[in-house]
Amino acid sequence: MKKHNFYAGPSVLPEYTKQKVAEAALDFAGTGLSVMEVSHRGKEFVAVMDEAIALVKELLNVPEGYSVLFLQGGASLQFLMVPYNLMKAKAAYLNTGAWASKAMKEAQFFGEVVEVASSKDKNFNYIPKSYEVPADVDYLHITTNNTIFGTELKSDPDVPVRLVADMSSDIFSRPIDVAKYDLIYAGAQKNLGPSGATLVIVKDDVLGKTGRQIPTMLDYQIHIKNESMFNTPSTVAVFACLQTLKWLKENGGVAEMEKVNIAKADLLYGELDRNKLFVPTVPAAEDRSRMNVTFVMAPGYEALEKEFLDLATAKGMVGLKGHRSVGGFRASTYNALPLESVQALVDAMKEFEAIH
Ligand SMILES: *Cc1c(COP(=O)(O)O)cnc(C)c1O
């Protein structure tokens, strides 16, 4: 049976990516060797890294003066690499959920962390709008998409200080103005590839200014100088990311992705607002994520939760169970999830409503 993959991460990938990785698992670039068994210093793999970096720059329109890196350690390592490299004494964080909170926890090892606003009072079901950023902070850190709580900041904010963004779960889902950011990071396993690679886009001139000694592997400048090859990169993951980047380019890039993502989100939220059995957990339409759609059974129908999950599972839908801190359901609708999968979910909701 065809599966509809709603997992939050690792998550659905384009057929193109899976096909190319499968081929290269046996014969990579005509070498007669698997992509798993070639040197990262060989010309074939160096070409992969170079092309992946060039495509990130092209697809996101990265301006001059920025470097693109493929690192390891996930977004979680960026929680500490960012303050290690950028924070002199004080940094501001917008607390929009579990990942933002984890980023704040790591930053506290390096200086004072100012929480400019938090949506914790409502279990992170909205994005705080009015807050002041102290002028003397080294940067403001935001999480553009809150994978667990289903909220998303869908525009690039104007802030008077340096801006750092965790875009792990919505990078490449819409055009962004990279010039507004000083550093962007994203674990690959939500919208780009398998786990094991972490994308970093950093403005070169923000680095080297803290006066702090940085251990070699945690120093962005070392990775920039060595073109993401200071040590052995996650070769297979980077190869897979490259395939998704090619697929993105072939399919109209991030502008086209945004159109399809809006269509998918409109379809699903439209049904959630209409169907009497379900309610979305994020009330304000402007805060609703296009990547992770969180919803619960409507009041009075809570007991039907398992029955709906079973119905969806029987129709080939996987990964719909909500995160334990929100409950209910979460449908992750990343770039590679086809509209048909969202339609299948909407049809199942309509069918369930008719039964009850
Ligand atoms: C998944 C996720 C993370 C954690 O990523 P790891 O690669 O597991 O460290 C951090 N931030 C956001 C927004 C995420 O979705």
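This is a predicted model: local features need pLDDT of at least 70, side-chain atom pairs count only at pLDDT 80 or more; totals for chains, interfaces and linings use all residues.
**Stop 1: His 323.** Select residues 317–318, which form strand E13, and residues 329–332, which form strand E14. His 323 is found in the loop between these two strands. Next, display the side chains of His 323 and Ser 325, which are joined by a polar contact of 2.7 Å.

**Stop 2: the annotated span.** Select residues 5–345. UniProt lists this range as "domain: Aminotransferase class V", in an unreviewed entry. Within the span, 33% is helix and 17% is strand.

**Stop 3: helices H1 and H6.** Select residues 15–26 for helix H1 and residues 235–250 for helix H6. The axes of the two helices come within 8 Å and cross at roughly 140 degrees. Because of that angle, H1 is oblique to H6. The crossing of H1 and H6 is right-handed.

Which residues make the contact between H1 and H6? On H1, show Tyr 16, Thr 17, Lys 20, Val 21 and Ala 24. On H6, show Phe 239, Ala 240, Gln 243, Thr 244, Lys 246 and Trp 247. Colouring the residues of this contact by class gives 6 nonpolar, 3 polar and 2 charged.

Key. Residues are numbered from 1 along each chain as its sequence is written. Side-chain values use heavy atoms; hydrogens and water are left out. Helices (H or I, at least four residues) and strands (E, at least two) are DSSP runs, numbered from the N terminus. A polar contact is a pair of N or O atoms within 3.5 Å; within protein, one must be able to donate a hydrogen and the other to accept it, and residues adjacent in sequence count only if both atoms are side-chain atoms. UniProt positions are given in the numbering used here, feature names are shortened, and annotations may be inferred rather than shown by experiment. Axes are lines fitted to C-alpha atoms, for helices over the stretch in contact, and angles run from 0 to 180 degrees between N-to-C directions. Angles under 35 degrees count as roughly parallel, over 145 as roughly antiparallel, 65 to 115 as roughly perpendicular and the rest as oblique. A crossing is left-handed if the near helix is turned anticlockwise from the far one by less than a right angle, and right-handed if clockwise. Contact means heavy atoms within 4.5 Å. Ala, Val, Leu, Ile, Met, Phe, Trp, Tyr, Cys and Pro count as nonpolar, Asp, Glu, Lys and Arg as charged, and the others, Gly among them, as polar.
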